[in-house]
Amino acid sequence: MSGYSRRAKAILDKIDQLASISETTMGITRTFGTPSFLEGSRLIEQWMREMGLQTRVDAIGNVRGRWVSPCESAKTFVIASHMDTVVNAGRFDGPLGVIMGLDLLEQLIQLGQPLPFHIELIAFSDEEGVRFHTTYLGSKVVAGLFDDALLNQKDASGTWLSEVIQTMGGDSRRLKSDAIAPQDWLGYFEIHIEQGPVLYEKAIPVAVVTAIAGQKRIEITFEGMAGHAGTVPMAMRQDALCAAAEFILSAEQLAAGQTNLVATVGKLVVANAASNVIPGDVVCSLDMRSSDAAVLAWAYQSLQDTCFDIGRMRSVTVGWKLIQETAPVACDAQLTNRLATAIAESGYDVIQLVSGAGHDGVPISQVAPIAMLFVRCFEGISHNPLEQVELADLAAALKVADQFIKNLIVD
C-alpha cells in the first residue's frame with residue numbers, strides 16, 4: 001500500500017468513527033447543537049489537539065485548530081468544511097473536508113518546516129441549516145457576516161438560536177470577535193465530495209470548482225376550497241392540489257429548457273388530506289439554482305408569474321414567499337488556476353465543474369479568495385446513507401492537495 005493509500009485509509013477510519021456518532025441508529029443525523037453534534041465536536045477537537053494545534057471552540061460552535069507561522073506579518077490560510085449533517089445523511093458530506101484537512105496539517109507538521117503563513121483548520125458548526133432553516137451559521141461568523149437577528153430564529157421546538165448557543169457553552173456576545181478580519185485572510189480551501197455524477201461517469205477522481213450556484217428557496221401556498229369528492233362537479237372545483245401539480249410541472253419544464261438552471265419541488269404538504277376530499281390547502285417548496293445571476297432572476301420572475309396565472313385560472317389563491325437566497329459565487333481565479341496546476345502536476349486530467357450545491361465558501365468569498373476541490377463519489381449520491389468514496393480517489397485527492405499547499409508555500 002502506497003503512502004497516499006495508507007493516509008487515505010486512516011482518513012476513512014476517522015470518517016467511520018465520526019459517522020458512528022448520530023442522533024439516530026439508522027443513517028447519520030448530527031444537527032447543530034444536539035448532544036450528538038457536541039460529541040462529534042469533542043472528537044474533532046481531540047484530534048486537532050493531539051496533533052499539537054492551538055485548538056478552541058468558538059461562540060457558534062466551530063472547532064478551530066491553528067498552526068502558527070513564525071512570520072510576524074503572516075496572513076491566515078483556512079482549510080475547512082462542516083461537521084453537521086442533514087437528516088439521514090451519508091458519512092462524507094462535510095466531514096471528508098475536515099478530516100482530510102487534519103491529514104494535510106499532520107504531514108506539514110511532521111516536515112517541521114516553518115510556514116510563511118498561518119493555517120487554520122475549521123470544522124464549521126452549521127452549514128446545512130437543518131435545525132434553524134438558515135445555512136452557513138458557522139462560516140458567517142468566521143467571515144464576520146453573522147446577522148444578530150438570526151439569534152431570534154426558533155427551531156421546531158420553539159428554542160431560540162441564542163439559547164442553543166448558550167447551552168453549548170458559547171456566548172452570542174463574542175460572535176463578532178470570532179471573525180477573521182478581511183485583511184488577515186490569505187485564502188480558503190475546501191475539499192468536498194462532488195455530490196453529482198460527472199466525475200463518476202468520467203471515471204476521474206478529482207475536479208476543480210470554478211463557481212458555486214446561486215439559490216432561491218420559496219414557499220408557495222395554494223388556497224382553494226375543500227369539498228366532497230363525489231358531489232362537486234369537475235368544472236366547479238377549486239382544487240389546490242391540482243393547481244400545485246400544474247405549477248410543479250411548469251417549473252420542471254422551464255428548468256429543463258435551460259442549460260444553466262435547476263428547479264426542484266421537494267416538499268408538498270396537503271392539509272387535512274383524505275381520499276374522498278378535494279384538497280383545499282396545499283403548501284409546497286421551490287428550490288432554484290444557477291451559476292448565472294441573470295438566469296436565476298429571470299427564472300424566478302417567470303415562475304412567479306406562472307404560479308399566479310395558474311391560481312387565477314383555477315380560482316385558487318396563491319401565496320409566494322421568498323425564504324432564502326444567495327447569489328452565485330465565482331471561485332478565485334488565481335487560487336483556482338493554482339489548484340488546476342496541482343491536479344495536472346499530480347498526473348490527472350483537469351476537469352472544471354460548477355457546484356450546484358451550496359458550500360461554506362459562499363459567505364467566505366465575500367472576505368477572502370476561495371478554492372474548492374471536488375472528489376468523486378459513488379454515482380454522485382449525496383445526502384443519503386449510500387454516500388461512498390473509494391480509497392483510490394481519496395489518495396488522488398491527497399496527492400493533489402499536498403501539491404497545492406506545497407506550491408502555496410513555495411510561492
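The following legends describe close-up views of a predicted model.

**View 1. The largest nonpolar core and its most connected members.** This core holds 71 residues, and those that touch the most other members are Phe32, Ile44, Phe146, Phe189, Leu373 and Phe404. Helix α11, spanning residues 391-410, supplies the largest share of the core, with 10 residues.

**View 2. The surroundings of Phe32.** When neighbours within four places in sequence are left aside, Phe32 is in contact with the nonpolar residues Phe37, Ile60, Phe132, Leu137, Leu161, Val164 and Met168. The contacts of Phe32 also include Ser125, Asp126 and Arg131.

**View 3. The aromatic pair of Phe77 and Phe117.** The ring centres of Phe77 and Phe117 are 6.0 Å apart and the ring planes meet at 55°, so the pair is classed as tilted. The two residues, 40 apart in the chain, link distant parts of it: Phe77 belongs to strand β3 (residues 76-82), whereas Phe117 lies in the loop between α3 (95-111) and β4 (118-124). Phe77 is buried, because its relative accessible area is 0%, and Phe117 also counts as buried, at 5% relative accessibility. Together with Phe189 and Phe404, Phe77 and Phe117 form one aromatic cluster.

**View 4. The aromatic pair of Phe222 and Phe247.** This pair is likewise tilted, with 6.3 Å from centre to centre and 50° between the planes. Distant parts of the chain are again linked, since Phe222 is in strand β7 (residues 214-223) and Phe247 is in helix α7 (residues 240-256), 25 residues apart. Both partners count as buried, Phe222 at 1% relative accessibility and Phe247 at 0%. In the model as a whole, the count of aromatic pairs comes to 10.

**View 5. Lysine side chains over aromatic rings.** The charged end of Lys14 sits over the ring of Trp47, at 5.5 Å from the ring centre. Elsewhere in the model, Lys216 lies over the face of Tyr300, and here the distance to the ring centre is 5.0 Å.

View 6. Cys331 is in no disulfide, and the nearest cysteine sulfur, which belongs to Cys377, is 17 Å away. Cys331 counts as buried because its relative accessibility is 8%, whereas Cys71, at 34% relative accessibility, counts as partly exposed.

Key. Residues are numbered from 1 along each chain as its sequence is written. This is a predicted model: local features need pLDDT of at least 70, side-chain atom pairs count only at pLDDT 80 or more; totals for chains, interfaces and linings use all residues. Side-chain values use heavy atoms; hydrogens and water are left out. A nonpolar core is a set of buried Ala, Val, Leu, Ile, Met, Phe, Trp, Tyr and Cys residues joined through side-chain atoms within 4.5 Å. Buried means under 20% relative accessible area, exposed over 50%, partly exposed in between (1.4 Å probe, protein chains only). Helices (H or I, at least four residues) and strands (E, at least two) are DSSP runs, numbered from the N terminus. Contact means heavy atoms within 4.5 Å. A disulfide is a pair of cysteine sulfur atoms within 2.5 Å. Rings of Phe, Tyr and Trp (its six-membered ring) pair if their centres lie within 6.5 Å; planes under 30 degrees apart count as stacked, over 60 as edge-to-face and the rest as tilted. A charge sits over a ring if NZ of Lys or CZ of Arg is within 6 Å of the ring centre and within 35 degrees of the ring normal.
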